[in-house]
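Subject: Structure handover

Hi,

Here is the structure I promised to pass on. Please open it first, then read my notes below.

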Amino acid sequence: MNAIERPMPPLNADERITLEGWLDFHRATLAMKCEGLDDAQAAVASVPPSGFTLAGLVQHMAEVERNWFRRVFAGEAAPPIYDPQADPSAPDGGFTLAEGATLGDALATWHTEIARARELCADRALTDTGCFMEQDVSLRWIYVHMIEEYARHNGHADLVRERIDGATGV
């Protein structure tokens with residue numbers, strides 16, 4: 001385990017580098033939580049009656065990346081990934097695994113959404129805005145929200161991974 005490199009967020013940098021550093025740290029943490037698992041392990045539910053799985057969490061985070069960076073910040077009309085009939089303004093989807101869903105596919109989709117998010121933000125100021133709930137929302141706010149979203153879900157991922165194979169502490 002731990003072939004994935006997790007970048008240490010900078011200890012003394014400007015605001016943008018700090019925010020992007022923490023977001024990348026949390027993205028890498030989620031990837032590390034999934035490292036070494038096969039599809040069956042990644043589909044193990046946390047605790048009944050919950051259907052929360054690591055593969056479902058990766059799918060969810062792909063939806064979250066898509067929602068905040070593509071829909072909200074860039075104003076793209078990007079449909080939901082895992083449930084095309086879902087309301088795109090309700091970005092809580094992705095948790096349910098379709099029959100035949102694989103962790104590899106979920107990770108590939110998630111990485112594609114991360115790459116697109118980076119492209120959309122690369123030349124934009126932290127004060128640039130998108131639209132959320134008919135209000136302006138800054139890139140700064142979106143970065144902070146995404147750090148919070150990943151931190152919360154990485155705590156869930158810790159518990160699920162420990163249940164699967166006893167791995168802790170990444």
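A residue counts as buried when its relative accessible area is under 20%. Keep that cut-off in mind for what follows. Also note that this is a predicted model.

Start with cysteine 34. It sits in helix H1. Its relative accessible area is 2%, so cysteine 34 is buried. What does cysteine 34 contact, leaving aside its neighbours within four places in sequence? The partners are Leu54, Val58, Leu103 and Arg161. Leucine 103 is 69 residues away along the chain, yet the two C-alpha atoms are separated by 8.3 Å.

Next, arginine 161. This residue belongs to helix H5, residues 139-165. Arginine 161 has a relative accessible area of 3%, so it is buried too. Its side chain reaches the backbone oxygen of lysine 33 at 2.7 Å. The arginine 161 side chain also makes a polar contact with the side chain of aspartate 165, at 2.9 Å.

Now the helix pair. H1 covers residues 15-34 and H3 covers residues 54-73. Their axes come within 10 Å and cross at roughly 155 degrees. Angles over 145 degrees count as roughly antiparallel, and H1 and H3 are therefore roughly antiparallel to each other. The crossing of H1 past H3 is left-handed. On the H1 side, the contact is made by Leu23, Arg27, Leu30, Lys33 and Cys34. H3 brings Leu54, Leu57, Val58, Met61, Glu65 and Phe69. By type, the residues of this contact are 8 nonpolar, 3 charged and no polar.

Best wishes

Terms used: Residues are numbered from 1 along each chain as its sequence is written. This is a predicted model: local features need pLDDT of at least 70, side-chain atom pairs count only at pLDDT 80 or more; totals for chains, interfaces and linings use all residues. Side-chain values use heavy atoms; hydrogens and water are left out. Axes are lines fitted to C-alpha atoms, for helices over the stretch in contact, and angles run from 0 to 180 degrees between N-to-C directions. Helices (H or I, at least four residues) and strands (E, at least two) are DSSP runs, numbered from the N terminus. Angles under 35 degrees count as roughly parallel, over 145 as roughly antiparallel, 65 to 115 as roughly perpendicular and the rest as oblique. A crossing is left-handed if the near helix is turned anticlockwise from the far one by less than a right angle, and right-handed if clockwise. Contact means heavy atoms within 4.5 Å. Ala, Val, Leu, Ile, Met, Phe, Trp, Tyr, Cys and Pro count as nonpolar, Asp, Glu, Lys and Arg as charged, and the others, Gly among them, as polar. Buried means under 20% relative accessible area, exposed over 50%, partly exposed in between (1.4 Å probe, protein chains only). A polar contact is a pair of N or O atoms within 3.5 Å; within protein, one must be able to donate a hydrogen and the other to accept it, and residues adjacent in sequence count only if both atoms are side-chain atoms.
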